[in-house]
Amino acid sequence: MSDIRLSRRHWAKKPLALAVSCILASASVNALAQQADENNADQANAEERPERIEVVGSRIRSDGMDEATPIEVISADEAIEQGFTNLGELLRSSTVAAGSNQITAATSSAVTSGGAGVETLSLRGLGANRTLVLLNGRRAGPSGTRGEVAAFDMNTLPLAAIERVEILKDGASSLYGSDAVAGVVNIITKKGDESSLNFNTSQPTDAGGETVRANFTFGRGYDRGSFRVVGDYNLQKELSLGQRDFFDCAERYYFDPETGERADPIDPRTGQPHCSDLPWGQVWVYDYTGGGYNGYGLAQYDYDNVLGEYVDRNDASIPAPWPEGWFPVGFDKASDGLVDADHPFQDLETLIPRQELMTVYGQGDYMLTDDITAYAEILFNRRDTDVDGYRQFWGYRLSEGFGDPLSAGWTGPQVLSPTPITDWSGSDITVDYRRFVVGMEGYLGDWFWDVHYQDSKSDGDYSTKIIYDDAISPYDFTVGSCEGSQTPIRGVDCQDIPWFDPDFLAGDISPEMQEFLFGIETGNTEYTQRTIEAYITGDLLTLPAGVMGGAFGVSYREDEIVDTPGAATLAGNTWGSTSAGITAGESETKAVFGEIQAPLLMDVPFVSQLDLVASARYTDVDTYGSETTYKVGLNWRVTDDFRIRGSQGTSFRSPALYELYLNDQTSFIGQRSIDPCINWQQNLDEGNISQLLADNCAADGVPGNFPGGNITATVTSGGGAGVLEAETSDALTYGFVWMPEASNFSLSVDYFEIEIEGEVTLLGASTIVYQCYSSEDFANEPLCDQIDRDPDDYSITDVEGGYLNIANQMNRGVDFKAIYTTDTPIGNLYLGYEHTVQIEASRQLFADSQRLDYTGEFGNPKHVGNLNARLAYEDWDFNWTGRYIGEVSNYERFGQGEYEDTLSYRGEDVRLVMDSDAYITHAFSVARSFDNGIDFTVGVANAFDKEPPRVSAPGGSRISRRGTAAFYSQYDWLGRRVFLNLGYSF
């Protein structure tokens, strides 16, 4: 991407931008002097002082032409040309972000940091809380809901307010603070006199995911000041799973190793491969015939009166003294195809939520004197997000054979777990975000100074559909009716749940029962951030090779979070959901920093110019302690055509407030979802687990034929205050820039390496258990201390989670960027290509744990690239963008270091699909501007309707999917879509 604009319609309105762009095209790949930000400066002062700007990556104001660190500039106009509808989409297209899976409104519809609907940016895949976001060079506070809020939500600022985005692709804690570990994103808003009205829409050719956006911007400049106001409305319509065929049915996607034919179980009722989403309409049967636990089976009601044609009631290994109409399923390959696991509720589940954004942004400045200017910014944003879902729920009843009259017809010695399904699931989120900045800037002689105060607050309500726990759990394993008593928490009259009613199991629940079982609760999250910062920059002294510049400053920041869950969650009365207390915490951060830029050599053999850039920062955080970070860089211009640059620096990140103060959360997880030791001997014989895992299960005393417990495990996690330490990191970059004077060509190549020590991460229960039983030092594995097993029935009873400092994370690779411009007989042609090669993206859990490198796997492709071609012809612009996501493969991850593409399914070897060829999408657009101020852009994104790759996802493959599609932000979920932008400038 580039900030070079070739369109005549832009040139006509921004002559200085044209001049700078011409310099960029012939002089530098990543120079940042796109526009003069001092449009309102007094003319006399402008003549006395050379024009200088501050660019991300340095506090020293310079001409911006020759930066020592790699910086990418993305123009907001590129969003219009390529059919993007929000800032998050635009930034995710950059190769510095496209090489890792990102949190989008779709992926955040599940439980994730910041809550449903949030869109964050993670540079280099190191996490959104390690990427600092600035707005006009000043911090922008976090936004979101629930206890884990720490990152800026890209939804809060509309594209209509943005001129460009600068991305510093290097750690910069010594300049900007503790969270600039992976890099810095600096959003620059529009300035100047231009005003406009715009309408934008994007319409997929298949229903679902449409967007509509309307906005205005009004700006005026005067002799002593300027102002700008932006209003924006953006509606993203819902995309549900059933609206895309690659999402609507989770086929196993198995193949015959010999013939290549599909080897999935077939549903004989449809003649198609079986859909294996959430099972519904079944009763899990735990058998105790003979006095001991013999395992479990699945009984399903015959809704269509056809199951008897395909299965015998006595075929399964679990005895079936069940009522008429119930049949065993899921006990062999043929009966797997009969399991009802594709309910109509599933098609209505939200993938991309309906989201409504309303924003007002304003900024202004006024020259108090010839040397002092006051400025201010205000931002108000409201985000409404609606998420629809569906879910199972279940209870445990004793059979009639065990004495429960409510289980009539179920006469065997069995424990029964009926599993209904319901669409009472989902959430509505409203987040109000406001931010204001006031400050002054000016000159003391030739020294420029700035002091400002920033205050931001995110206030979010999240309403969630819940199932009351006190309607279910107190009556598990009981006998007889509960009617006549009251529930223990709400104190309402108890009702007998019709657990074995087939209609109830299928989701047809009476209004009276819905009122007893279901409710809605609302929680609230407030995050407040206040900062005061002051700095001064100017020339320190004159050296033989030039003038040494310096910048020095101080910073003070307060952060505070208060997350208050809904009343039912606080009372521990939400079935199947996490219970939690109030998360509350605050911190104060104080810092002093300094930077110098010193010319060391100039005009000597092999050195046209050699500059040293160095910075240091002392930071004190009251929740952690103090730390000093530094960065040193060299910028060596060998000739006028060729420049070598490099930097080495350190960063640190003190734990976020939620990582410290997240109140203990309790959740429950089924044994089948967490325990790798279930039937470990059979799984070993069939090649589904490793010998190491089997040996560790045996060493823990778990029998080889252990069928799994019939209770859920309790998972507890919380903040790590008093335990967590700060993360530390080292960043190294070096590369070259080649800009031959004889042509309008430029090339930059930069190597990057970022290593984080003591990374703070939340380990999930399944990860803790799996890592424990996969350890090569099982007897001393510290993760095993966080697991409790029942010594009698071997069930996992408790898992202690929480935030830990893991040992190490490493990300390294190479960025390439090339630009070529030329005049042709039909217009000016721009060609730009950027490419990132990821060499390593690895993580090591503990110092003695195996290092796992995920490079080249789903979510972490080794290669990503963008090719852009623009042709400007008179008042017309033509644009083509191709996006490249490299091939990926998880076969070695599944084989634990060895290539493995098969597994044994029901005694038969089947071949898996756990790879994808390179994934390429194309966007085309054409734009026209008219003399009367009207312009339009029309185009098509994902022009060839490229679908996400279809994959298998067996346990241990580390593949995330929805339906049969790989579910990663690098792939397009909407399909081909036509977009239109209409504008009027005045």
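Which side chain meets that of glutamate 659 in a salt bridge? The partner is arginine 653, and the N to O distance of the pair is 3.2 Å. The model shown here is a predicted one, and every value below was computed from it.

**Salt bridges**

Side chains of opposite charge can pair when their charged atoms come close. In this model the count of salt bridges comes to 42. Glutamate 659 and arginine 653 are both buried, and they also belong to a network of salt bridges that links Arg130, Arg653, Glu659, Glu727, Glu759 and Arg843.

| aspartate 245 | arginine 950 | 3.4 Å |

The side chains of aspartate 245 and arginine 950 meet in a salt bridge. Aspartate 245 lies in the loop between strand E9 (239-240) and strand E10 (266-267), while arginine 950 lies in the loop between strand E47 (934-941) and strand E48 (961-962), so the pair ties together parts that are 705 residues apart in sequence. Aspartate 245 is partly exposed, at a relative accessible area of 45%, and arginine 950 is partly exposed as well, at 28%.

Aspartate 336 is buried, with a relative accessible area of 6%, whereas arginine 906, at 39% relative accessibility, counts as partly exposed.

**A sheet of five strands**

An open sheet with mixed pairing is built of five strands in the order E1-E4-E5-E2-E3. Strand E1 (71-75) and strand E3 (138-139) stand at its edges and have a single partner strand each, so one side of each is left without a neighbour in the sheet. Strand E2 (residues 131-135) and strand E5 (residues 183-189) run parallel and are joined by five bridges. Leucine 134 stands opposite asparagine 186 in E5.

**Helix H16**

Helix H16 covers residues 691-699, and its buried residues include Leu693, Ala694, Asn696 and Cys697. Seen down the axis of H16, the buried residues fall within an arc of 165°, so they line one face of the helix. An α-helix has 3.6 residues a turn, so residues three or four places apart point the same way. Just after H16 comes glycine 701, which takes a positive phi of about 85°.

**Serine 916**

Is serine 916 buried or exposed? Serine 916 has a relative accessible area of 10%, and because buried means under 20%, this residue is buried. Its place is in strand E45 (residues 915-916). When residues up to four places away in sequence are not counted, serine 916 touches Phe858, Glu887, Val888, Pro949 and Tyr971. Valine 951 is 35 residues from serine 916 along the chain, and the C-alpha atoms of the two are separated by 8.1 Å.

Technical notes:
Residues are numbered from 1 along each chain as its sequence is written. This is a predicted model: local features need pLDDT of at least 70, side-chain atom pairs count only at pLDDT 80 or more; totals for chains, interfaces and linings use all residues. Side-chain values use heavy atoms; hydrogens and water are left out. A salt bridge is a side-chain nitrogen of Lys or Arg within 4 Å of a carboxyl oxygen of Asp or Glu. Helices (H or I, at least four residues) and strands (E, at least two) are DSSP runs, numbered from the N terminus. Buried means under 20% relative accessible area, exposed over 50%, partly exposed in between (1.4 Å probe, protein chains only). Two strands pair if DSSP finds at least two bridges between them. The arc is that of the directions from the helix axis to the C-beta atoms. Contact means heavy atoms within 4.5 Å.
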